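Please read this report with the model open beside it.

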Amino acid sequence: MDELARVFVTLFDAKHLLSPLLWNMFYREVEVSDCMQTLFRGNSLGSKIMAFCFKIYGACYLQSLLEPLVRPLIEDQAPSLEVDPARLATGEDIEENRRNLIALTQKVFDAIVSSADKFPPQLRSMCHCLYQVLSKRFPQVPQNNIGAVGTVIFLRFINPAIVSPQEMGIVGKVVPQPVKRGLMLMSKILQNIANHVEFSKEQHMIPFNDFLRAHFEVGRRFFIQIASDCETEDQGSHSMSFISDANVLALHRLLWNHQERIGDYLSSSRDHKAVGRRPFDKMATLLAYLG
């Protein structure tokens, strides 16, 4: 599935057809989902394609966004960010730690919402496709659709880089455990802003609800910005514009080896009656001709 996602994104992007690919993949994902909370949580092809897009199109953006914010925490004497009373070290002031965590979260949040103009165009297109598909599937709750885009962006893209900056290539040094813990706590606050949800179960996080409420609307405006339709002047200028023989052969092999599963997948679609078997039959005939 990972290889198929890589090949699809590479080939469709090279043909300047990334948006139609994303639309169809996301439409299928949303079509079989009963609610927004379960979207892109599994190992579907849509999830894999989204993850691959985040990886290849978003790496430079994340590095330039987060490295200046995370590196000082590693190189300098970072203030304590622990806010769980059960984890406090002797002599630590929990109120001071809360202020430290809020200050850091504010700094990172401001950097994120100020970076809309630097958000990669391919990911902007992906967010736009997702928003349009959600609006078609759940027209009765338009305000939740943009929120779902924000949830995905933080859950699958920004927060993993915050929580694991060394593993994601943001910084080259090992992150000390106290700093890693602070980054994890910050990611929880950012995720709840994206989810538009206050803390309720974790008692030590409830004091941050005022901070959440104060930033819900700013976060929503950022999500609207990055989900707006974006036509770049030269969408074909990036490094994915060349189709290698290896990718073509990989696609042929994947289609050949999984013809039966593809047929089952297409026949299970709600559009099967309208479309019929013709597209699948044409593909099978072409594959047989190519060998």
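Helices (H or I, at least four residues) and strands (E, at least two) are DSSP runs, numbered from the N terminus. By that rule, Arg 213 falls in helix 8 (residues 209–226). This is a predicted model, in which local features need pLDDT of at least 70 and side-chain atom pairs count only at pLDDT 80 or more, while totals for chains, interfaces and linings use all residues. Residues are numbered from 1 along each chain as its sequence is written, and side-chain values use heavy atoms, with hydrogens and water left out.

## The chain as a whole

The protein chain has 12 helices and 0 strands. Read from the N terminus, its elements run α-α-α-α-α-α-α-α-α-α-α-α.

Of the 291 residues in the protein chain, 45% count as buried. The accessible surface of the chain comes to about 15600 Å². Carbon and sulfur atoms hold 55% of that surface. Such areas come from the Shrake-Rupley method with a 1.4 Å probe; for residues, only the protein chains shown count as cover.

Contact means heavy atoms within 4.5 Å. Take the contacts in the protein chain with a separation of 6 or more: residues 24 or more positions apart account for 70% of them.

## Helix 6 against helix 7

How do these two helices pack, and at what angle? Helix 6 (residues 142–163) and helix 7 (residues 177–195) pack at about 170°, and their axes are 9 Å apart. Helix 6 is therefore roughly antiparallel to helix 7. Angles under 35 degrees count as roughly parallel, over 145 as roughly antiparallel, 65 to 115 as roughly perpendicular and the rest as oblique. The axes are lines fitted to C-alpha atoms, for helices over the stretch in contact, and angles run from 0 to 180 degrees between N-to-C directions.

On the helix 6 side, the contact is made by Gly 147, Gly 150, Thr 151, Phe 154, Leu 155, Asn 159, Ile 162 and Val 163. Helix 7 brings Lys 180, Leu 183, Met 184, Met 186, Ser 187, Leu 190, Gln 191, Ala 194 and Asn 195. By class, the contact of helix 6 with helix 7 has 9 nonpolar, 7 polar and 1 charged residues. Here Ala, Val, Leu, Ile, Met, Phe, Trp, Tyr, Cys and Pro count as nonpolar, Asp, Glu, Lys and Arg as charged, and the others, Gly among them, as polar.

Ser 187 lies in helix 7. Ser 187 is buried, with a relative accessible area of 7%. Leaving aside neighbours within four places in sequence, Ser 187 is in contact with Asn 159, Ile 162 and Val 163.

Ala 148 sits in helix 6. Ala 148 is buried too, at 11% relative accessible area.

## Helix spans and loops

The expected span of a helix is 1.5 Å times one less than its number of residues. Helix 7 has 19 residues and reaches 27 Å from first C-alpha to last, close to the 27 Å expected. Helix 2 has 14 residues and reaches 20 Å, close to the 20 Å expected.

His 196 follows helix 7. His 196 lies in the loop between helix 7 and helix 8. Its phi is positive, about 60°, although His 196 is not a glycine. At 48% relative accessibility, His 196 is partly exposed.

His 16 also has a positive phi of about 60° without being a glycine. It lies in the loop between helix 1 (2–14) and helix 2 (18–31). His 16 is exposed, with a relative accessible area of 54%.

Which residues of helix 2 are buried? They are Leu 18, Leu 21, Leu 22, Met 25, Phe 26, Arg 28, Glu 29, Val 30 and Glu 31.

Arg 137 lies in helix 5 (residues 121–137). Arg 137 is partly exposed, at 28% relative accessible area. Beyond its neighbours within four places in sequence, Arg 137 is in contact with Val 30, Glu 31 and Ser 33.

## Pairs apart in sequence

| Pair | Sequence separation | C-alpha to C-alpha |
|---|---|---|
| Arg 137 and Ser 33 | 104 residues | 9.6 Å |
| Arg 213 and Asn 192 | 21 residues | 9.8 Å |
| Ala 148 and Leu 130 | 18 residues | 8.9 Å |

Arg 213 is partly exposed, with a relative accessible area of 41%.

Notes: Buried means under 20% relative accessible area, exposed over 50%, partly exposed in between (1.4 Å probe, protein chains only).
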